[in-house]
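Notebook open, model loaded. I wanted to go through the strands, the core and the aromatic rings, and jot things down as I went.

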Amino acid sequence: MDTQNQPRLYLVTGASGYVGGRLVRDLHGDGKRVRVLVRDAKKIKGQSWANDVEIIEGNASNSQDLDRALAGVHTAYYLLHSINAAADFGDIEAAMARGFALASEKAGVS
């Protein structure tokens, strides 16, 4: 697919959270093309924008999911946290952020 003449694509992670959901709403309201990466698409069903964005269901700690989510993306917003995941959430956070940065670079995200 030729994406050169299409509007820029924005990826938002953490769209099921408060900040991510508001960002998606605002980007969509500004006429932007938006894709979201969520672990569970059911968690965003009630959002007013849910039917108007591209939804990728996956996990940000999975490189294949990140590759799918970041393909063709111009700008990506990383709004994830793992605070309740485990006692070593700081290590989990750092690993996820590094993985996201590497996948973004590989995908050519601006």
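I began with S4, where Thr 75 is the bridge partner of Tyr 10. Before going on, I noted that this is a predicted model, where local features need pLDDT of at least 70 and side-chain atom pairs count only at pLDDT 80 or more, while totals for chains, interfaces and linings use all residues. Residues are numbered from 1 along each chain as its sequence is written, and side-chain values use heavy atoms, with hydrogens and water left out.

S1 and S4 run parallel, joined by three bridges; two strands pair if DSSP finds at least two bridges between them. My labels are DSSP runs numbered from the N terminus: helices are H or I with at least four residues, strands are E with at least two.

Next I looked at S2 (residues 33–38), which pairs with S1 in the parallel sense over five bridges. Arg 35 is the bridge partner of Leu 11 there. From S1 the chain crosses through helix H1 (residues 18–29) to S2, a right-handed β-α-β crossover (with the strands pointing away from the viewer, the path from the first strand over the helix to the second runs clockwise).

Is S1 enclosed or open? Five of its five residues are buried, so S1 is largely enclosed by the rest of the structure. Buried means under 20% relative accessible area, exposed over 50%, and partly exposed in between (1.4 Å probe, protein chains only). I saw Leu 9, Leu 11 and Thr 13 pointing one way, with Tyr 10 and Val 12 going the other way.

**Core**

The largest nonpolar core has 12 residues, including Leu 9, Leu 11, Leu 37, Ala 69 and Phe 100. Such a core is a set of buried Ala, Val, Leu, Ile, Met, Phe, Trp, Tyr and Cys residues joined through side-chain atoms within 4.5 Å. S1 (9–13), H2 (63–70) and H3 (89–107) each give two or more residues to this core. H2 gives the most, with three.

**Rings**

I counted one aromatic pair. Tyr 78 and Phe 100 are tilted, at 4.9 Å centre to centre and 45 degrees between the planes. The rule: rings of Phe, Tyr and Trp (its six-membered ring) pair if their centres lie within 6.5 Å; planes under 30 degrees apart are stacked, over 60 edge-to-face, the rest tilted. Phe 100 counts as buried because its relative accessibility is 6%, whereas Tyr 78, at 24%, counts as partly exposed.
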